[in-house]
Amino acid sequence: MKVFVNIFAAVLLIITIVAGKMYWDQRTSAEASSGSTSHSSTSKVASNNWEDYAENLPESVKEKLKKADASGKPMKLLIVGSQATSTDSKAWPETLKETLNNTYGSLIETSILEYKNETTLDFVRNQDYKDIIKEKPDVLLFEPFLLNDNGVVGITNTLENLNVIMSHITAEDEDLVTILQPSQPIYNATNYPKEAEALGEFAKKNGYEYVNHWSTWPDYKSEKILGYLVEKQRIPTAKGNKAWASYLEEYFTAS
């Protein structure tokens with residue numbers, strides 16, 4: 001009888017061990033499967049095609065990105081403008097740069113050139129366009145000092161100066177893609193909005209892209225816009241920089 005009890009206990013122990021191992025194997029397999037699914041999902045997000053983000057971009061820029069993707073050499077985006085296109089870490093160019101880096105990774109390399117309080121005439125006289133040529137960008141996002149010129153240079157001269165600037169730059173690189181944009185809107189302006197329209201017409205006439213970020217700002221006729229500008233409306237506040245950046249983020253990343 002004692003021998004029978006011992007045999008029964010041994011069999012029961014073996015069954016318990018086997019059952020436990022089966023349970024553990026099933027649990028481990030389930031966790032591995034779950035982990036695999038999670039990794040697969042993460043990989044799927046990470047492997048999104050850059051074209052998904054480039055929907056709003058012109059074909060000329062998409063071609064630059066396609067070339068960068070194939071060659072492994074990043075597309076060089078150069079942002080140029082006045083004190084409103086600041087190199088400050090909290091200004092819209094840095095925000096855009098960070099967004100592009102998070103979205104496209106090493107596919108886009110972004111640089112910024114700021115020219116405080118300059119007009120297009122200053123830019124021509126100082127031959128600052130040579131800085132752009134030296135950078136050798138693939139794409140130029142240019143805020144051509146429209147507000148600094150307002151009431152000082154005059155729109156006719158602004159566009160003539162811009163023609164001179166671009167002729168020097170494109171003479172060195174005829175494949176450059178140029179995207180023009182106005183400076184920030186200002187409160188209750190009269191002639192300035194017409195100058196922004198003239199810049200848009202200039203861009204269309206000369207084959208440049210034109211992006212007008214004013215749609216993300218408050219109406220320039222509303223006092224609300226004063227909260228978006230400082231220093232006699234020459235520099236955007238945090239709100240202004242956010243408005244400007246949000247438009248360009250949507251343009252460059254379709255998000």
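**Figure 1. Strand β3 is covered on both of its faces in this predicted model.** Strand β3 spans residues 139–142. On one side of the strand lie Val-139 and Leu-141, and on the other lie Leu-140 and Phe-142; these four residues are all buried. The neighbours of β3 in the sheet are shown as well. With β1, strand β3 pairs in the parallel sense, over four bridges. In this pairing, Leu-77 stands opposite Val-139 of β3. Strand β4, residues 177–180, is also joined to β3 by four bridges, and these two strands run parallel. Here the bridge partner of Leu-140 is Thr-178 in β4.

**Figure 2. Five strands form an open sheet.** The order of the strands is β2-β1-β3-β4-β5, and the pairing is parallel. Which strands stand at the edges of the sheet? They are β2 and β5, the latter comprising residues 209–210. Each of these two has a single partner strand, so one side of each is left without a neighbour in the sheet. In general, strands of a sheet pair through backbone hydrogen bonds, in either a parallel or an antiparallel manner.

**Figure 3. The largest cavity holds about 30 Å³ of space.** The count of cavities of 30 Å³ or more comes to one. Lining the largest cavity are Lys-76, Leu-77, Leu-78, Glu-109, Ser-111, Glu-135, Lys-136 and Pro-137. The elements that give two or more residues to this lining are β1 (75–81) and β2 (108–114). Strand β1 provides the largest share, namely three residues. Sorted by class, the lining of the largest cavity has four charged, three nonpolar and one polar residues. Leu-77, one of the lining residues, is the residue that stands opposite Val-139 in β3.

**Figure 4. The largest pocket has a volume of about 290 Å³.** Its lining consists of 14 residues. Which of them lie nearest the centre of the pocket? These are Lys-64, Lys-67, Lys-73, Pro-74 and Asp-138. Helix α2 (59–71) and strand β1 each supply at least two residues of the lining. The element that gives the most is α2, with five residues. By class, the lining of the largest pocket has nine charged, four nonpolar and one polar residues. As a general point, rolling a probe the size of a water molecule over the atoms shows where empty space is left.

**Figure 5. Asn-161 is a buried residue of helix α7.** The helix covers residues 155–172. Is Asn-161 buried or exposed? Asn-161 has a relative accessible area of 12%; it counts as buried because this value is under 20%. Leaving aside residues up to four places away in sequence, Asn-161 touches Thr-120, Leu-121, Val-124 and Val-153.

**Figure 6. Glu-231 and Gln-233 lie in the loop between β6 and β7.** Strand β6 comprises residues 229–230, and strand β7 comprises residues 235–236. Most residues other than glycine have a negative phi. Glu-231, although not a glycine, has a positive phi of about 50°. Gln-233 is likewise not a glycine, and its phi is positive at about 70°. Glu-231 is exposed, with a relative accessible area of 57%; the term applies because this value is over 50%.

**Figure 7. The protein chain has nine helices and seven strands.** The chain contains 255 residues, of which 41% are buried. How many of the contacts between residues at least 6 apart in sequence join residues at least 24 apart? The share of such contacts is 74%. The mean pLDDT of the chain is 87, and 81% of its residues reach 70 or more. Over residues 1–24 the pLDDT is below 50, and this stretch has zero contacts in the model beyond near neighbours in sequence. Where pLDDT is low, the predicted coordinates should not be read in detail.

How values were computed. Residues numbered from 1 in each chain as written. Predicted model: local features only at pLDDT ≥ 70, side-chain atom pairs only at ≥ 80, totals over all residues. Heavy atoms only, no water. 1 Å grid on protein atoms, 1.4 Å probe; cavity = no way out; pocket = protein on both sides within 12 Å on 5 of 7 lines; lining within 4 Å. Points joined across faces, edges and corners; volume = space filled by probe spheres on them. Nonpolar A, V, L, I, M, F, W, Y, C, P; charged D, E, K, R; others polar. Buried < 20%, exposed > 50% of the residue type's maximum accessible area, 1.4 Å probe, protein only. Pairing = 2+ DSSP bridges. pLDDT = per-residue confidence, 0-100. Contact = heavy atoms within 4.5 Å.
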